[in-house]
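Hi everyone, and thanks for coming. I'd like to walk you through a structure that may be new to you, so let's bring it up on the screen.

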Amino acid sequence: MFRNLQAIEIAEGALLADIAVIFQLISIYTPIGTSFFQLPIFIVFTVLVLRRGLYVSLMASGIAIFLVSILVGATNIPSMGLVVMAGLFLGVTIRWRMRHVPLVLLGTTCGALAFCAVTILFTILAGQPLTAFLRLVTVIYQTSIHITDAGTARVGLEGWWRQSLYPGVAWLFHFFVTYWLLTLYICNWILLCPVVAIIYTATNTTVRLLGYDTRPILNRRVSKSFRRVSHRLLKVKVFKKVLQHISL
């Protein structure tokens with residue numbers, strides 16, 4: 001795997017790494033739309049993997065993470081690292097032409113593991129026990145139960161709430177407290193699944209528009225109409241110049 005990089009590989013990897021850093025800086029200093037401005041980072045590293053392979057992409061990702069840590073501080077390394085790894089993952093799986101559903105499920109599983117690992121790492125680095133957040137969860141749970149008791153008592157449904165719903169809620173809470181690590185992973189998995197699907201759809205569609213042979217997500221009619229609109233947008237000089245640099 002280790003080899004000497006060609007000049008074109010170094011130049012292209014550095015260029016796309018700089019583009020990723022720019023979008024990361026925009027997402028940091030923009031008050032709204034943070035996740036939207038991180039979406040091009042996925043596309044950048046996916047394109048780089050498709051063009052130059054995983055080795056060049058790893059070198060470029062290291063450069064991008066290093067530049068972000070120098071410019072805005074080391075606290076942004078986990079955020080940038082997760083986005084970069086997701087982009088590399090999409091590039092590799094799209095290059096292997098993996099089917100859509102297995103790709104989304106595998107991406108969600110790996111992403112949930114990464115989020116759990118980052119959460120545990122930050123908790124340890126902060127000098128807190130791993131179960132510190134359970135205190136906050138317990139306070140929220142008790143407060144919610146008291147509010148629900150008061151609300152149901154006012155409308156005359158306290159008996160129904162206590163007999164029908166409260167046992168199930170209490171069981172779920174005790175299960176969460178007992179198996180908190182498993183529950184944390186399951187919650188991350190459920191939250192990430194639609195996010196991964198949206199990111200994959202946007203990345204796959206964009207990469208396909210740039211001319212790479214990927215598995216189509218849209219059917220033929222929708223894909224044709226989408227291509228017509230996209231080609232009209234590509235006639236705009238700004239979009240044309242940017243995409244020419246990416247697809248050189």
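Let's begin with D149 and R162, which form a salt bridge whose closest N and O atoms are 2.6 Å apart. D149 belongs to helix α5 and R162 to helix α6, so this pair links distant parts of the chain, 13 residues apart. Are the two partners buried or exposed? D149 counts as buried, because its relative accessibility is 12% and the cut-off for buried is under 20%. R162 is partly exposed, with a relative accessible area of 33%. As a general point, side chains of opposite charge can pair when their charged atoms come close.

How many salt bridges turn up in a search of the whole structure? The search finds four. Another of them joins E12 and R51, with the closest N and O atoms 2.3 Å apart. This pair, too, links distant parts of the chain: E12 sits in helix α1, residues 7-29, while R51 sits in helix α2, and 39 residues separate them. E12 is buried, at a relative accessible area of 11%, whereas R51 is partly exposed, at 24%.

Now please look at D213 and R97. They form a salt bridge as well, and here the closest N and O atoms are 3.6 Å apart. Both residues are in loops: D213 in the one between α7 (180-209) and α8 (220-234), R97 in the one between α3 and α4 (100-125). They are 116 residues apart, so once again distant parts of the chain are linked. D213 counts as exposed, with 61% relative accessibility, and R97 is partly exposed, with a relative accessible area of 34%.

Let's step back to the whole fold. The secondary structure comes to nine helices and zero strands, so reading along the sequence gives the pattern α-α-α-α-α-α-α-α-α. The protein has 248 residues, and 31% of them count as buried.

Next, a pair of helices. How do α2 and α3 pack? Helix α2 covers residues 34-72 and helix α3 covers residues 77-95; their axes are 8 Å apart, at an angle of about 170°. That makes the two roughly antiparallel, because angles over 145 degrees count that way. As for the residues in this contact, 19 are nonpolar, ten are polar and one is charged.

While we are at helix α2, find V47, which lies in it. V47 counts as buried, at 1% relative accessibility. From V47 to G87 is 40 residues in sequence, and in space their C-alpha atoms are 8.8 Å apart.

Finally, let's turn to the surface. Which residues form a nonpolar patch there? They are V155, L157, W160, L165 and V169, and together they have about 450 Å² of accessible area. Helix α6, residues 158-178, gives the most to this patch, with three residues. L157 is found in the loop between α5 (132-155) and α6, and L157 is partly exposed, with a relative accessible area of 40%.

To finish, here is what I'd like you to take away. This is a predicted model with nine helices and zero strands, and a search of it finds four salt bridges.

Definitions and conventions. Residues are numbered from 1 along each chain as its sequence is written. This is a predicted model: local features need pLDDT of at least 70, side-chain atom pairs count only at pLDDT 80 or more; totals for chains, interfaces and linings use all residues. Side-chain values use heavy atoms; hydrogens and water are left out. Axes are lines fitted to C-alpha atoms, for helices over the stretch in contact, and angles run from 0 to 180 degrees between N-to-C directions. Helices (H or I, at least four residues) and strands (E, at least two) are DSSP runs, numbered from the N terminus. Angles under 35 degrees count as roughly parallel, over 145 as roughly antiparallel, 65 to 115 as roughly perpendicular and the rest as oblique. Ala, Val, Leu, Ile, Met, Phe, Trp, Tyr, Cys and Pro count as nonpolar, Asp, Glu, Lys and Arg as charged, and the others, Gly among them, as polar. Patches are made of residues with over 30% relative accessible area and no salt bridge: like charges are joined within 9 Å, nonpolar side chains (Val, Leu, Ile, Met, Phe, Trp, Tyr) within 5 Å. Accessible areas come from the Shrake-Rupley method with a 1.4 Å probe; for residues, only the protein chains shown count as cover. A salt bridge is a side-chain nitrogen of Lys or Arg within 4 Å of a carboxyl oxygen of Asp or Glu. Buried means under 20% relative accessible area, exposed over 50%, partly exposed in between (1.4 Å probe, protein chains only).
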